[in-house]
There are 2 protein chains.
Amino acid sequence: MLVVRPGKWTLVVISELRQGTRRFNQLRRAMGGVSQKSLTMTLRELERDGFVTRTAFATIPPRVDYALTEIGVELLHLADQWRAFALRNRDAVNEARDRFDASQPLIVIDEGDD
Amino acid sequence: MLVVRPGKWTLVVISELRQGTRRFNQLRRAMGGVSQKSLTMTLRELERDGFVTRTAFATIPPRVDYALTEIGVELLHLADQWRAFALRNRDAVNEARDRFDASQPLIVIDEGDD
């Protein structure tokens, strides 16, 4: 199930939809760096799993709205907790990394004298 | 940061360590299907990021214990919420998938008469 291992853009899309209904290009502009294909696939997966609704209007040009469902809002709250956890512990993680890296044996590459 | 996008085995290892200190092979036996290499890399990443401690004893054969740190326990609670969310919504997700798949146009492959 998607929610067990979210894709690269899954939680970013969920977070963007916290503002309410959004169109494809609104999402794409707000999500710097996402490709058309990645956004299309992520939205399709989220729609298929029931976290997002997709509403198409027969206007010219055609208009498509995306919005969170009830379980989509639940996923948003979980994503927020995850991000808050990451931010809260960012310094501790970086310090742990520095300690770990400093404790690793140095690998000396002998360039030789040729 | 690892915690932003956990690897395949990250949360499984964290969950196994809820029981307390564990050795490598205890973890490996409890985590059916994990390879030696994957478990080694996951533990190393968790140690480097400060979520797990690794304690080596100079016994023969050498003994290595793994345990959760404080922020490791925090990550465990978050992982539990994530799993509870997934279980709570599994039926809703499966029903959404059935509806989505049923709504997709059938692609008929014309085998031709040759």
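This is a predicted model: local features need pLDDT of at least 70, side-chain atom pairs count only at pLDDT 80 or more; totals for chains, interfaces and linings use all residues.
Contact, in this presentation, means heavy atoms within 4.5 Å. By that criterion, 34 residues from chain A and 34 residues from chain B take part in the contact of the two chains.

Let me begin with the interface. The size of an interface is often given as the accessible area lost when the parts come together. Here the area buried between chain A and chain B is about 3300 Å², and carbon and sulfur atoms give 64% of that area. Which residues of chain A lose the most area to chain B? They are A:Arg48, A:Trp82 and A:Phe85, which together account for 25% of what that side buries.

How many salt bridges does the rule find across the interface of chain A and chain B? There are six. A salt bridge joins A:Glu74 to B:Arg88, with the closest N and O atoms 2.5 Å apart.

Which elements of chain A supply the side that touches chain B? Helices α3 (36-48), α4 (70-88) and α5 (90-103) of chain A each supply at least two residues. Of the elements, α4(A) gives the most to that side, with 10 residues. By residue class, the side of chain A that touches chain B divides into 18 nonpolar, five polar and 11 charged residues.

Next, the relation between the two chains. The same surface serves both copies, since 100% of the contact residues of chain A recur in chain B.

Finally, I would draw attention to one residue of chain B, B:Asp65. This residue lies in strand β3 (residues 63-68) of chain B. Is B:Asp65 buried or exposed? Its relative accessibility is 8%; buried means under 20%, so B:Asp65 counts as buried. Its side chain makes a polar contact with the side chain of B:Arg63, at 2.8 Å. Leaving aside residues up to four places away in sequence, B:Asp65 touches B:Thr21, B:Arg22 and B:Arg23, as well as B:Thr53, B:Arg54, B:Thr55 and B:Phe57.

Technical notes
Residues are numbered from 1 along each chain as its sequence is written. Chains are lettered from A and ligands numbered from 1 in the order in which they are written. Side-chain values use heavy atoms; hydrogens and water are left out. Buried area is the accessible area (1.4 Å probe) that two parts lose on being put together, summed over both. A salt bridge is a side-chain nitrogen of Lys or Arg within 4 Å of a carboxyl oxygen of Asp or Glu. Helices (H or I, at least four residues) and strands (E, at least two) are DSSP runs, numbered from the N terminus. Ala, Val, Leu, Ile, Met, Phe, Trp, Tyr, Cys and Pro count as nonpolar, Asp, Glu, Lys and Arg as charged, and the others, Gly among them, as polar. Buried means under 20% relative accessible area, exposed over 50%, partly exposed in between (1.4 Å probe, protein chains only). A polar contact is a pair of N or O atoms within 3.5 Å; within protein, one must be able to donate a hydrogen and the other to accept it, and residues adjacent in sequence count only if both atoms are side-chain atoms.
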